[in-house]
Amino acid sequence: MLQTKGYAVKSAESSFEAFDFERRELGAKDVLIEIQFCGVCHSDIHQARNEWGNSMYPMVPGHEIVGRVAQIGADVSKFKTDDFAGIGCFVDSCGECENCAQDFEQFCLTHCSQTYNSTEMDKKTPTFGGYSSQYVVDENYALRISDTKNLAAVAPLLCAGITTYSPLKRFNVREGQKVGIIGLGGLGHMGVKFAVSMGAEVTVFSTSPSKEDDARKLGAHNFVVTKEPENMKPLAGKFDFILDTVSAVHDLNMYLKLLKLKGVMVLVGAPEKPSEVPAFSLISNNRTLAGSGIGGIAETQEMLDYCAENDIVSDVEIIPIQQIEAAYERTVKGDVRYRFVIDMQSLNQA
Ligand code: NAP
Ligand code: ZN
């Protein structure tokens, strides 16, 4: 077994502490990734604190992983040593069911083995995430990283990137459309970059007036402070597509009203409690309310290649692992510009 250093929480209430554990020895199709950077997703916080009610402890979070391929199994063909590779939200699936066959491995009908807070395909062996020194993964579930200029800024693409890219592609967001992005955090700021790159006119809906300058630098055309209801009224019926990235319970109805005929709103934010949706908010204008969960391996690779071609990376604040608690507190307050990324070298500091 491979001795691995990490940081874990031992219960929903406990703080992070150093945690040593073992990864499996490399199988023929496995690669060993020496983790250089790992993004801090709000999903890490929901799960570390058991806000979704499905947490397993000890938990090593982290599913925005990039690093160097340090070793490869005998039958690996996609990677060679010293390549750069990424891992997103899942590390295995059956590969054969109806959903896997359509490249939606994240919804595997047998078992999607998530990167952490989950189990391997045996449904017994716990998985530990990217707040750690290394990961052993089947090559088919690792992503190729071609843009290596700023690896820290590439890491968040593995979750925040694919989660926002996928619904924009699925609903064919394009030039001439008005798109809203709700919440300017890790997902939201990537949503702005993608929607702008696809040619849409982008409006950010935010609770934080202080983020207006940043939103415009990211390419947004308009910025609306949602705490003031009169700002919303003139926008009724104007939007083709709205992406909701908010991590806490909030009113969906005030955004549904902004959709024009056949407009679509997609939920990617995953608050711990449900929201009420009045039927008439959807009946009027034949609106659609949809959800979207990360993306399969093929689409994640497509997104990484799209980012490399279009010079898209995440805006990051790099921290040592020792500052993870403070980073969680700031993220919960909406005070992250716009993704914390852990430099895994810091695991070696005393
Ligand atoms: P984040 O960086 O914390 O950003 C969330 C943003 O939502 C905040 O920056 C803030 O933006 C806004 N917000 C926070 N609290 C709010 C409140 N009470 N009312 C209104 N707005 C509020 O989080 P993230 O990492 O982007 O993740 C966002 C959500 O997506 C989380 O729930 C996460 O679990 C989920 N997620 C889902 C998927 C998926 O596959 N569907 C994948 C990854 C993450 P402003 O300051 O601009 O208002
Ligand atoms: Zn995530």
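Are His63 and Cys159 buried or exposed? His63 is buried, and Cys159 is buried too. Buried means under 20% relative accessible area, exposed over 50%, and partly exposed in between (1.4 Å probe, protein chains only).

## Basis of the model

This is a predicted model: local features need pLDDT of at least 70, side-chain atom pairs count only at pLDDT 80 or more, and totals for chains, interfaces and linings use all residues. Residues are numbered from 1 along each chain as its sequence is written, chains are lettered from A and ligands numbered from 1 in the order in which they are written, and side-chain values use heavy atoms, with hydrogens and water left out.

## Zinc site

The zinc ion (ligand 2) has three named protein donors: Cys41 (SG), His63 (NE2) and Cys159 (SG). Donors are N, O and S atoms within 2.8 Å of the metal (3.2 Å for Na, K and Ca); water is not among the atoms, so sites may look incomplete.

Along the chain, the donor spacing is C-x21-H-x95-C. His63 and Cys159 link distant parts of the chain, 96 residues apart. His63 sits in the loop between α1 (42–48) and β4 (65–72). Cys159 sits in the loop between α3 (151–154) and α4 (160–170). Helices (H or I, at least four residues) and strands (E, at least two) are DSSP runs, numbered from the N terminus.

## Packing of α4 on α9

Helix α9 covers residues 297–310. It packs with α4 at an angle of about 95°, their axes 10 Å apart. Axes are lines fitted to C-alpha atoms, for helices over the stretch in contact; angles run from 0 to 180 degrees between N-to-C directions. α4 is therefore roughly perpendicular to α9 (65 to 115 degrees).

From α4, the contact (heavy atoms within 4.5 Å) uses Gly161, Ile162, Tyr165, Ser166 and Lys169. From α9 come Glu299, Thr300, Glu302, Met303 and Tyr306.

## Backbone exceptions

Most residues other than glycine have a negative phi, and most peptide bonds are trans. The Tyr57 to Pro58 bond is cis, with omega near -5°. Pro58 lies in the loop between α1 and β4. The Arg337 to Tyr338 bond is also cis, with omega near -15°. Tyr338 lies in the loop between α10 (324–332) and β19 (339–343).

Asn172 is not a glycine, yet has a positive phi of about 55°. It lies in the loop between α4 and β12 (178–182). Asn172 is partly exposed, at 44% relative accessible area. Lys262, also not a glycine, has a positive phi of about 60°. Its place is strand β16 (residues 259–267). Lys262 is exposed, at 62%.

Conventions: Angles under 35 degrees count as roughly parallel, over 145 as roughly antiparallel, 65 to 115 as roughly perpendicular and the rest as oblique.
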